[in-house]
Amino acid sequence: MILVMDSHSGEEELNKISNKLKSMDFELEISKGKEKIIIGIIGDTRKLLDFPFYSYSGVIDVLKVLKPYKLASREFREKSTIVKIGNTLIGEHELTFMAGPCSVENEEQMYEAAAGLSKMGVKILRGGAFKPRTSPYSFQGLGKKGLEMMSDAAKKHNLLVITEVMSIEQIDIITPYADILQVGARNMQNFMLLKELGKIKKPVMLKRGMSSTIEELLLSAEYILSGGNKKVILCERGIRTFETYTRNTLDLSAVPAIKELSHLPVIVDPSHGTGRREMINSMSKAAIACGADGLMIEVHPHREMALSDGSQSLDFEAFRSLLIDLKRVADSVDRTVNYNYISFL
Ligand code: PEP
Ligand code: MN
């Protein structure tokens, strides 16, 4: 961290602030110029995030060098994190696909989804049992019954389950049924929930809030990591901008940015990111091309009957052709697609 002071502010002010910083175990490198005094503060300057620098007279500027998050940063861990669930690796060479309906609706739907998707080589089944709906009158999800349906269908086809947790009370209900707990965009800054998820052993996929910066996303990840849970996956799912043609604006530039700033795996969700079925294919290809470790895609066996997000859901055929297209993009960025996709062709 670099502190800039006015040279005219006098020795007394300089001593006051430097003594305070030294008493906090920081080393200082002071260089005095005609107009300005530059002070390099050496040590873990994250401790100084809330330090009242500007209450000292003569302080002109404070420049942060270290990121405000630590455990999530690539400075802390250079090697990319691979989240391991059994023999499924997220963040590895092979791309990860999480697919399934927006909501768990009934047994047949989940069995059909699990059968069709596993046949194509998908390893992770998605589906919401507790749904964060904008309107209280919209379908709210089947709750525990939905979790049972999804977990039964997944087991039958040897799939892993990812599902959303909306509150602290739901953690214990969901954990026995889920392999990955998803924190939705609306809960990205539910810090009490994040703290509790830091205590569990299962992986957590944290979706970017619709009005959150990349730094805020990484700070939310830090809550989970600092609680002791190192299995955090990040998800770019679009942010809200002035554009209304798409449901959200899928910020793909966040992918290379996060990859540079953090070692955590990044999944892209083009379904919520665009809200438009016809754009899923292009945006998925773009996501893989720019470095995403995988995709979360809404796929419904009968999308016209979907109780939520039917207009952005793919059917099996569209998902199948997406996988075929993605194989070529994956090759070009030196990633691989599960063999089953190819044998399915
Ligand atoms: C979801 O994945 O079901 C969902 C609600 O997504 P988001 O939190 O990104 O809106
Ligand atoms: Mn949805």
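Reply: Two strands pair if DSSP finds at least two bridges between them, and the helices (H or I, at least four residues) and strands (E, at least two) are themselves DSSP runs, numbered from the N terminus. This is a predicted model, in which local features need pLDDT of at least 70, side-chain atom pairs count only at pLDDT 80 or more, and totals for chains, interfaces and linings use all residues. Residues are numbered from 1 along each chain as its sequence is written, chains are lettered from A and ligands numbered from 1 in the order in which they are written, and side-chain values use heavy atoms, with hydrogens and water left out.

Me: How do you know that β12 and β13 pair?

Reply: Strand β12 (residues 232–236) and strand β13 (residues 266–268) share three bridges in the parallel sense, and the definition asks for at least two bridges, so they count as a pair. Within this pairing, L234 stands opposite V266 in β13. Helix α9 (residues 280–289) packs on the sheet and touches β13 and β14 (294–298), contact being heavy atoms within 4.5 Å.

Me: What makes the arrangement of β7 to β14 a barrel?

Reply: Eight strands close in the order β7-β8-β9-β10-β11-β12-β13-β14, with parallel pairing. Neighbouring strands of this sheet are turned by 25° against each other on average, direction ignored, where axes are lines fitted to C-alpha atoms, for helices over the stretch in contact, and angles run from 0 to 180 degrees between N-to-C directions.

Me: Which residues count as donors of the manganese ion (ligand 2)?

Reply: C102 (SG), H272 (NE2), E298 (OE) and D309 (OD) coordinate the manganese ion (ligand 2) at 2.0 to 2.3 Å; donors are N, O and S atoms within 2.8 Å of the metal (3.2 Å for Na, K and Ca), and water is not among the atoms, so sites may look incomplete.

Me: Are C102 and E298 buried or exposed?

Reply: Buried means under 20% relative accessible area, exposed over 50%, and partly exposed in between (1.4 Å probe, protein chains only). C102 has 3% relative accessibility and therefore counts as buried, and E298, with a relative accessible area of 0%, is buried as well.

Me: Why is the pair of F51 and Y56 called stacked?

Reply: Rings of Phe, Tyr and Trp (its six-membered ring) pair if their centres lie within 6.5 Å, and planes under 30 degrees apart count as stacked, over 60 as edge-to-face and the rest as tilted. The rings of F51 and Y56 have their centres 5.9 Å apart and their planes at 5°, so the pair is stacked. The rings of F51 and F53 have their centres 4.6 Å apart and their planes at 55°, so that pair is tilted. Ring pairs link F51, F53 and Y56 into a cluster.

Me: How do you know that R276 sits over the ring of Y245?

Reply: A charge sits over a ring if NZ of Lys or CZ of Arg is within 6 Å of the ring centre and within 35 degrees of the ring normal. The charged end of R276 is 3.8 Å from the centre of the Y245 ring, and K47 lies over the face of F26 at 5.2 Å from the ring centre.
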